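Here is a short briefing on one chain. Look over its sequence and its fold, then read on.

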Amino acid sequence: MILINLLPHREAARKRRRETFQAIMVASALAGLAIAGLIYWWFQMQITDQQDKNNFLRGEVQVLEKQIKEIATIEEEIAALQARQKAVEDLQSDRNLPVHLLNELVKQLPDGVYVTSLKQADQVVTMQGMAQSNERVSEMLRNLTNNTPWFSKPELVEIIAANVSLSPKDQRRVASFNLRFRLVRSSEAQKADAANEVVAGK
């Protein structure tokens, strides 16, 4: 006996496939949403973690900036103290400079030269005087340049011919000069002496 299925089996199969497809789509959508949610949550955790690190770094940077300012202030104080120390040392070394000035002038002035005026401003000394001739002035400049470490950069400002009255009948022609030179500090003079000794030793 032949059995014939007259039920709409194709439509039932189609309906089952449609329902299966819809279920798969819903499950896929739910799985996609769950995965997207997990990814969003992971990114949020990463962002929060990075923000915490950034806040920590900002705090550390502020601490370092404060320390840098304190170091800069300390360096300024050190520089100021060093400047004061140098000023005190210069004052201590300069207190004997007038002695060296007069002592060296006595040694370096040739015969026939005498000083009429001597002025010191800081390290610069201005000297006026009379000499028997221009040659005596030249000899004095050579002495001040080469023979003493206590004077440097002697410079003849002016030299003029003048007359000096020794008596009503005795008139002498002399050279009136005006020069200036720099008085060297004790520390610099000692260095120059040491350098000259090294050169002489060679």
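Along the sequence, the chain follows the pattern α-α-β-β-α-β-β-α. That comes to four helices and four strands. Helices (H or I, at least four residues) and strands (E, at least two) are DSSP runs, numbered from the N terminus. This is a predicted model: local features need pLDDT of at least 70, side-chain atom pairs count only at pLDDT 80 or more, and totals for chains, interfaces and linings use all residues. Residues are numbered from 1 along each chain as its sequence is written, and side-chain values use heavy atoms, with hydrogens and water left out.

**The chain as a whole**
- Buried residues make up 19% of the 202 residues. Buried means under 20% relative accessible area, exposed means over 50%, and partly exposed lies in between (1.4 Å probe, protein chains only).
- Contact means heavy atoms within 4.5 Å. Among contacts between residues at least 6 apart in sequence, 60% join residues at least 24 apart.

**The sheet**
- Strands of a sheet pair through backbone hydrogen bonds, either parallel or antiparallel.
- Here four strands form an open sheet in the order β1-β2-β4-β3, and the pairing is antiparallel. Two strands count as paired if DSSP finds at least two bridges between them.
- β1 (113–121) and β3 (151–165) stand at the edges, each with a single partner strand, so one side of each has no neighbour in the sheet.
- The twist averages 15° from one strand to the next. Axes are lines fitted to C-alpha atoms, for helices over the stretch in contact, and angles run from 0 to 180 degrees between N-to-C directions.

- Eight bridges join β1 to β2 (residues 124–131), and the two run antiparallel.
- V115 stands opposite G129 in β2. L118 has M127 of β2 as its bridge partner.
- Two residues lie between the strands of this hairpin; D122 in the turn has a positive phi of about 60°.

**Helix α2**
- α2 has twelve residues and reaches 16 Å from its first C-alpha to its last, close to the 16 Å expected at 1.5 Å a residue. The expected span is 1.5 Å times one less than the number of residues.
- Which residues of α2 are buried? They are L97, L101, E104, L105 and Q108.
- These residues cover an arc of only 105° around the axis, which puts them on the same side of α2. The arc is that of the directions from the helix axis to the C-beta atoms.
- V99, L102, V106 and K107 are exposed on the other side of α2.

**Helix α3**
- α3 (residues 134–146) lies across β1, β2, β3 and β4 (171–183), at about 160° to β3.
- N143 sits in α3. At 15% relative accessibility, N143 counts as buried.
- Beyond four places in sequence, N143 is in contact with Q108, P110 and T148.

**The core**
- The largest nonpolar core has 17 residues; M140, F151, F177, L179 and F181 have the most contacts inside it. α2 (97–108), β2, α3 and β4 each supply at least two of its residues.
- Such a core is a set of buried Ala, Val, Leu, Ile, Met, Phe, Trp, Tyr and Cys residues joined through side-chain atoms within 4.5 Å.
- Leaving out residues up to four places away in sequence, F181 touches residues including L101, L105, M127, L144 and F151.

**L183 in β4**
- L183 is found in strand β4. At 0% relative accessibility, L183 counts as buried.
- L183 and Q123 are 60 residues apart in sequence, but 5.1 Å apart in space, C-alpha to C-alpha.
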